[in-house]
Amino acid sequence: MTATANAGVGSQAPLPQGTLVAGRFALEEPLPGAASVGVYLARDNQSNSACTVVLAPLERLGAHKATLQSDLGRVARVQHKNLARVFAVGEDRQFFYAVSEHPDGHTLRRAISARLQQGQTVGAQTAFTLLGHVAQGLS
């Protein structure tokens, strides 16, 4: 990471565009995410594909770092069409990072909110279809 990469996670300002994580992933723009981590749209310089980078300050992880790294290592071995693949996990300076495929489209929350704002509901058939996709991804 660049020398300016010590901020931008949680309540701090986002990291600058172009900041490299692990010498490979160039941050492009911050994405909505949890308050305690930084979530970014990034570009994988090896494959030139879009990816999602999640950065968590090592100081906040404390003793949980080893468990998180182990769990994410197991997740990285899972490949399923309904799950974004995790393909890099590690540490870069003062951050723990996880990199995954960047999903096309928008979130389920956004899709449901858009329907509700248009005065539509999510019917039983749609809800069952969505739950089926979620269950398939978790199986």
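Strand β6 and helix α4 (124-138) each supply at least two residues to the lining of the largest pocket. Helices are DSSP runs of H or I with at least four residues, strands are E runs of at least two, and both are numbered from the N terminus. α4 gives the largest share of the lining, 3 residues.

This is a predicted model, in which local features need pLDDT of at least 70, side-chain atom pairs count only at pLDDT 80 or more, and totals for chains, interfaces and linings use all residues. Residues are numbered from 1 along each chain as its sequence is written, and side-chain values use heavy atoms, with hydrogens and water left out.

**The pocket**

The largest pocket holds about 800 Å³ of space. Of its 20 lining residues, the closest to the centre are Ala 84, Pro 103, His 106, Thr 107 and Leu 108. A pocket here is an open set of points on a 1 Å grid over the protein atoms alone, where a 1.4 Å probe fits, with protein on both sides within 12 Å along at least five of seven lines; lining residues have an atom within 4 Å of a point. The lining divides into 9 nonpolar, 8 polar and 3 charged residues. Asp, Glu, Lys and Arg count as charged.

**The sheet**

Six strands form an open sheet in the order β1-β2-β3-β4-β6-β5, with antiparallel pairing. β1 (20-21) and β5 (86-92) stand at the edges with a single partner strand each, so one side of each has no neighbour in the sheet. Strands pair if DSSP finds at least two bridges between them. Three of these pairings are listed here.

| Strand pair | Bridges | Residues opposite each other |
|---|---|---|
| β1 and β2 | 2 bridges | Val 21 and Phe 25 |
| β2 and β3 | 6 bridges | Pro 30 and Tyr 40 |
| β3 and β4 | 7 bridges | Ala 42 and Cys 51 |

β1 and β2 form a hairpin with 3 residues between them. Ala 22, in that turn, has a positive phi of about 60°.

Helix α2 (residues 65-76) lies across β5 and β6 (95-101). The helix runs at about 155° to β5. Axes are lines fitted to C-alpha atoms, for helices over the stretch in contact, and angles run from 0 to 180 degrees between N-to-C directions. Contact means heavy atoms within 4.5 Å.

**The aromatic pair**

The whole structure has 1 aromatic pair. Phe 25 and Phe 87 form it, tilted, at 6.2 Å centre to centre with 45° between the planes. Phe 25 sits in β2 (residues 25-31) and Phe 87 in β5, 62 residues apart, so the pair links distant parts of the chain. Rings of Phe, Tyr and Trp (its six-membered ring) pair if their centres lie within 6.5 Å; planes under 30 degrees apart are stacked, over 60 edge-to-face, and the rest tilted.

How values were computed. Points joined across faces, edges and corners; volume = space filled by probe spheres on them.
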